[in-house]
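Reader: Please present the model for discussion, beginning with the terms that the discussion will require.

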Amino acid sequence: MLPMLFDSHCHLTDERFAGDLEEVLRRAWDAGLTGLVTVASGADDAVAALAVAALDSRIRSTAGVHPHAAADAQPDDMARIRTLVLEEEAVVAIGETGLDFHYDNSPRAAQTHLFEEHLRLAQDTGYPVIVHSRSADRDTAALIRSAPGVTGVLHCFAGGRHLLDTALDSGWFISFAGLATFRNFDNVAVLVAVPAERLLLETDSPYLAPVPHRGKRNEPAFVAETCAVVARLRGEDPVRTAAQTTANAHRFYRIGPEVPA
């Protein structure tokens, strides 16, 4: 019997899926996935993600501008994103947004401004927000605290304990990706500290393929490998971890029935 799995964050609009998306989805369902969310990186990408979601009722999408793209955001992008959030049933979250002070592909001021805009949209609509944070723990924590009432997830978490505690105290979720399977993963203590009811799993595909697929294109089916390692590191039964994180994804994105804990 296959475990019940959910890929809470992937990028199926990426050009690396252009030639075989149908096969990628078939492998996901065959691996036991009951659903997935394809996450947008910009306003145009949000429209493309919505088209992917239309392929199967088990797929949902998001609308937002990635911090890498903050410098190229257009004046009407947030208005377009607001419209998608309010009018499209398949859109279940805002983002991904956030701060990336490691690569600094966009000026930090532009990243911060757009992050604040996404948080305001989340406050206005009640939708959850998906946040990317890299080398920006202090600033991300401050912005989370500035938006009381917003529910969010720190995706592909690689931050420290201060950011973790800030997010958990604010009622946020924490998601782990293939990084947790890497030999040099050094955040086990943080992984173990996440309450079971706040834990999500993701692939962030096509990036960060887990062991034993490292170096290849990642895809949603590979969330099974991440689940197995996360369960082992936490000292849990992987079937229970799969069921719990799937229930958490349903609750976070407000889709479908929850699986009893």
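Author: A residue is called buried when its relative accessible area is under 20%, exposed when that area is over 50%, and partly exposed in between. The model under discussion is predicted.

Reader: How many of the 6 residues of strand 5 are buried?

Author: Strand 5 spans residues 129–134 and is mostly covered. Under the cut-off of 20% for a buried residue, the number of its 6 residues that qualify is 5.

Reader: In what order do the 8 strands of the open sheet stand?

Author: The sheet is open and its pairing is parallel. Strand 1 (5–10) and strand 8 (199–201) each have a single partner strand, so one side of each is left without a neighbour in the sheet. From one strand to the next the twist averages 25°. The order of the strands is 1-2-3-4-5-6-7-8.

Reader: Over how many bridges does strand 4 pair with strand 5?

Author: Strand 4 covers residues 91–100, and its pairing with strand 5 is in the parallel sense. Within this pairing, L99 has S133 of strand 5 as its bridge partner. The number of bridges between strand 4 and strand 5 is 5.

Reader: Which residue of strand 6 stands opposite I130?

Author: Strand 6 comprises residues 152–154 and pairs with strand 5 in the parallel sense over 3 bridges. V129 stands opposite G152 of strand 6. The residue opposite I130 is V153.

Reader: At what angle do helix 5 and helix 6 pack?

Author: Residues D137, T140, A141, I144 and R145 of helix 5 meet H162, L163, T166 and A167 of helix 6. The axes of the two helices are 9 Å apart. Angles under 35 degrees count as roughly parallel, and helix 5 is accordingly roughly parallel to helix 6. The packing angle is about 10°.

Reader: Which strands does helix 6 lie across?

Author: Helix 6 consists of residues 161–169. Its direction is at about 130° to strand 7 (173–176). The strands that helix 6 lies across are strand 5, strand 6 and strand 7.

Reader: Is L119 buried or exposed?

Author: L119 lies in helix 4. Not counting residues up to four places away in sequence, L119 touches V129, L143, A147, V150 and W172. Its relative accessibility is 3%, and since buried means under 20%, L119 counts as buried.

Reader: How far apart in space are L119 and T151, C-alpha to C-alpha?

Author: In sequence, L119 and T151 are 32 residues apart. In space, their C-alpha to C-alpha distance is 9.5 Å.

Reader: How many residues apart are E219 and R27, the pair that links distant parts of the chain?

Author: E219 forms a salt bridge with R27, and their closest N and O atoms are 2.7 Å apart. E219 is in the loop between strand 8 and helix 8 (223–234), whereas R27 is in helix 1 (residues 21–30). E219 is buried at a relative accessible area of 5%, while R27 is partly exposed at 30%.

Reader: Which residues are linked with R27 and E219 in a network of salt bridges?

Author: Side chains of opposite charge can pair when their charged atoms come close. The structure holds 14 salt bridges. Linked with R27 and E219 in a network of salt bridges are D20 and R217.

Reader: What separates D77 and R80 in helix 3, in helical turns?

Author: D77 and R80 form a salt bridge, the closest N and O atoms being 3.7 Å apart. D77 is buried, with a relative accessible area of 8%, whereas R80 is partly exposed, at 30%. Because they are 3 residues apart in helix 3 (residues 77–87), the separation of D77 and R80 is about one helical turn.

How values were computed
Residues numbered from 1 in each chain as written. Predicted model: local features only at pLDDT ≥ 70, side-chain atom pairs only at ≥ 80, totals over all residues. Heavy atoms only, no water. Buried < 20%, exposed > 50% of the residue type's maximum accessible area, 1.4 Å probe, protein only. Helix = DSSP H or I, 4+ residues; strand = E, 2+ residues; numbered from the N terminus. Pairing = 2+ DSSP bridges. Axes fitted to C-alpha atoms, helices over the stretch in contact; angles between N-to-C directions. Contact = heavy atoms within 4.5 Å. Salt bridge = Lys/Arg side-chain N within 4 Å of Asp/Glu carboxyl O. Parallel < 35°, antiparallel > 145°, perpendicular 65-115°, else oblique.
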